[in-house]
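Keep the sequence and the 3D view side by side as you read.

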Amino acid sequence: MAESPSHAHDGHAHAGHGAHDGHGGHHEESWFVHYFWSTDHKMIAKQYLVTGMLMGVIGAYFAYVFRMQLAFPGKPVPGYGLVTGADYNALVTNHGAIMIFWVAMPVLIAAFGNYLIPLMIGCDDMVFPRINRLSYQIFAISAVLVVASFFVQGGAFGGAWTAYPPLSAKAEYSLTPAGSSLWLIAVALEFVAFLLGGINFVTTAMNSRAPGMKAFDIPIAVWMIVIASILFMASVGPLIAGALMLLFDQMIGTGFFDPDRGGDPILWQHLFWFFGHPEVYVVLLPAMGFVAEIITTFSRKKMFAYKTVLATTFATGLLSFFVWAHHQFIAGIDPRMANVFSVTTVLISVPIAEMCFVYIATLYGGSITFSVPMLWALAFIAEFLLGGVTGIYLGSSGADIYFHDTYFVVAHFHYTFFPIAIIGSFAGMTYWYPKMFGTFMNEAWNKLHFWVTIIGFNGIFLPLFITGASGDHRRIFDYTNFPELDTPELQSLRVLATVSLLVMLVIQPVFLINFFYSMFRGKKAGANPWKANTLEWQAASPPPHGNFPTLPEVYRGPYEFSVPGRDEDYWPQNSPN
Amino acid sequence: MMRPIATTRSATGIPTGRLAVWWVIASEIVIFGGLLGGYLLHRFGHPEWATAAAHTNTMAGGFNTFVLLTSSLSAVLAHAAAEKGEGPKAAKYLGLTMLGGLVFLIVKSFEWTYEISHGYTITANTFWSFYYTAAGLHGFHVIAGMVIMGFVAADAMKNRELQRVELIGIYWHFVDLVWIFLFPLLYIAK
């Protein structure tokens with residue numbers, strides 16, 4: 001391929017005729033280059049996936065330690081030891097930060113975005129492969145930094161993942177002089193990594209689609225990842241500025257967020273949540289996209305209302321920029337502003353509900369197969385529904401005064417984030433596993449893992465709605481100090497939540513072992529084991545460097561299932577007839 | 001490394017490099033937007049900052065505005081030369097733009113030295129914190145732009161990658177435009 005970049009306009013001319021010969025094939029890569037210095041989008045996706053899973057194990061371990069402390073206060077936790085107040089705060093803070101920034105983001109957006117976008121739009125790689133590699137490298141450094149913050153003097157930052165000043169701004173308050181700054185730098189680097197990745201994703205999806213693939217032929221998953229990347233790009237800027245300001249407050253003694261010196265701590269809350277709330281949708285949308293792919297494939301039906309899904313996604317994206325102040329209802333904001341944000345917050349559940357209805361309508365009348373990915377996809381809709389409905393309570397400024405900072409909030413956002421980050425990831429991993437590794441995972445073990453995880457999850461967070469409504473404040477590490485909360489009834493609910501967590505954690509190795517074992521010993525999967533239409537299934541499993549032997553052309557939309565008059569019940573996008 | 005076919009496609013009709021630069025700028029706008037938005041909210045709440053702002057050197061700032069605008073002119077001329085395929089000429093114009101950036105930074109360093117030596121440091125009060133943070137972040141972008149421009153110019157000298165002359169030009173105009181916001185907000189508004 002010797003064309004000069006000044007010919008960038010005529011890319012289509014090359015696509016159809018196999019000018020591309022798999023440029024990875026004819027030179028030997030060293031082991032190091034292959035696994036750590038690759039510019040192949042699929043390898044970078046796997047790097048993100050494995051790093052995300054590893055960070056997930058760390059985040060889960062933190063949850064184990066602090067849930068044990070809550071259920072059995074003051075007793076040494078097996079595998080950790082005695083939990084001090086400072087330990088507890090650091091564990092809670094970093095559990096939240098790691099699960100969102102180092103698990104949900106890398107797995108849902110970076111891993112699947114990297115893997116799926118070029119394959120699903122029918123091209124050979126991202127438009128900027130080296131920037132893609134750089135993005136992962138920066139992300140890897142950020143992951144190392146956040147873990148390293150546990151081993152510096154003073155320990156890891158414990159001011160919650162929201163890092164509100166003044167607690168986060170001054171070492172005298174946080175008592176973690178090095179930990180807070182390391183944490184902040186890690187988060188900022190993570191943002192840089194995802195900005196680089198996001199620009200790559202958006203540009204690739206806009207420019208590098210297969211010939212014939214029009215806007216409405218793009219699979220929902222790609223749309224969702226791209227819209228999520230744009231949301232991220234448009235919302236994270238103020239927080240990057242805020243992080244710089246906070247870092248200066250911490251390290252050189254400015255007073256941006258210090259009221260004594262003309263600063264304003266509420267400004268941080270605005271900068272943080274202007275990003276933080278769209279962030280929920282940044283991770284939600286890709287998961288919604290995976291669910292769309294899975295339910296159409298396993299109900300053998302056309303997406304019920306493709307364009308409605310897109311319209312609701314745009315509406316969600318737009319509205320997500322006008323809900324942030326519902327996090328500040330009790331921070332002293334003007335009550336008239338609280339009313340406005342109550343309305344927008346309740347309003348945003350409309351497009352999301354619409355999306356869920358479209359998915360249910362897609363299922364209606366379909367020939368449903370309860371495969372493992374399908375189970376995860378259905379569980380996503382069911383569990384996210386609970387998260388959405390409880391959000392209405394919190395979005396209403398009056399009710400929020402009571403619920404604010406209780407376990408009701410914790411339970412609510414875990415009913416949104418768990419379906420997104422965990423159920424969504426498992427749905428994606430089990431659905432695309434045969435494509436990624438060319439083999440099937442063991443289905444029986446996966447089903448066991450599914451049911452125990454789902455039951456465990458509900459066992460953790462349903463009780464916490466009750467403890468929260470009963471007044472459990474979320475930042476208390478030992479309830480025995482609060483006689484009105486230290487009742488046997490509430491304590492038994494806390495123990496139930498912890499035991500459910502243990503059940504859920506115990507089953508996870510089953511998935512992990514299945515995941516790695518099946519790579520080598522799993523039953524071989526063909527190119528298109530689920531008989532799906534999108535382009536990634538038309539490549540070999542796993543796809544070679546360069547993805548397709550001949551880059552495909554697209555003739556129709558992605559969800560042409562059970563079309564009358566055809567012998568097969570699916571109709572690949574690249575099949576001429 | 002071979003360029004993937006993905007890089008050469010252009011479904012939108014906009015070359016990939018230019019599209020990416022616009023997205024970079026979009027994400028930069030919200031970064032500066034957040035910083036300046038925070039500054040403005042504070043500024044409205046603190047009329048007494050006017051006395052601090054009175055100590056900034058409007059003449060030096062005005063001169064720098066002129067220098068930066070002029071450097072954008074040579075970036076445009078570089079683009080025009082690159083369009084005609086005259087790489088070495090484009091490289092020379094880019095050199096002039098980098099010289100403008102250098103003058104800007106030198107003036108800036110004299111300003112800051114003067115201010116810091118008179119006690120107006122970044123921790124003096126929140127006005128000065130914003131002053132140094134915003135102008136510093138902008139200055140960092142000037143330096144980054146100059147470094148990238150150096151690479152682009154070196155390529156252009158050998159008539160290589162001439163489309164990049166336009167891309168770094170777009171970025172440079174953006175950096176220029178940020179200054180057009182910073183100058184009145186930090187220097188003129190008293």
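Where in chain B does Glu161(B) lie? Please find the residue in the model, which is a predicted one. Glu161(B) sits in the loop between α6 and α7 (163-188) of chain B.

**Residues with a positive phi**

Glu161(B) is worth a stop: its phi is positive, about 50 degrees, although the residue is not a glycine. How many other C-beta atoms lie within 10 Å of Glu161(B)? There are 19 of them. A residue counts as buried once 20 or more other C-beta atoms lie within 10 Å of its own, and as exposed with 12 or fewer. Glu161(B) is partly exposed because its 19 falls in between.

Ser562(A), which is not a glycine either, has a positive phi near 50 degrees. Look for Ser562(A) in the segment after α16 of chain A. With 15 other C-beta atoms within 10 Å, Ser562(A) is partly exposed.

**Chain B as a whole**

Now zoom out. Chain B has 7 helices and 0 strands, so the pattern along the sequence is α-α-α-α-α-α-α. The C-alpha trace of chain B spans about 55 × 30 × 25 Å along its principal axes. Chain B has 190 residues, and 45% of them count as buried. Take the contacts in chain B between residues at least 6 apart in sequence: 79% of these join residues at least 24 apart.

**Where the chains meet**

Turn the model until you can see both chains. Here 39 residues of chain B are in contact with 54 residues of chain A. On the chain B side, the elements that give two or more residues are α1 (5-8), α2 (16-45) and α6 (126-157). Which of the elements gives the largest share? That is α2(B), with 16 residues. By type, the chain B side divides into 18 nonpolar, 18 polar and 3 charged residues.

**A pair of helices in chain A**

Next, pick out helix α14 (residues 407-437) and helix α15 (residues 443-469) of chain A, whose axes come within 8 Å and cross at roughly 170 degrees.

| Peptide bond | Form | Omega |
|---|---|---|
| Pro165(A) to Pro166(A) | cis | near 5 degrees |
| Ser541(A) to Pro542(A) | cis | near -15 degrees |

Pro166(A) lies in the loop between α5 (129-148) and α6 (171-174) of chain A. Pro542(A) is found in the segment after α16 (488-521) of chain A.

Key. Residues numbered from 1 in each chain as written. Chains lettered and ligands numbered in written order. Predicted model: local features only at pLDDT ≥ 70, side-chain atom pairs only at ≥ 80, totals over all residues. Contact = placed C-beta atoms within 7 Å. Helix = DSSP H or I, 4+ residues; strand = E, 2+ residues; numbered from the N terminus. Nonpolar A, V, L, I, M, F, W, Y, C, P; charged D, E, K, R; others polar. Axes fitted to C-alpha atoms, helices over the stretch in contact; angles between N-to-C directions.
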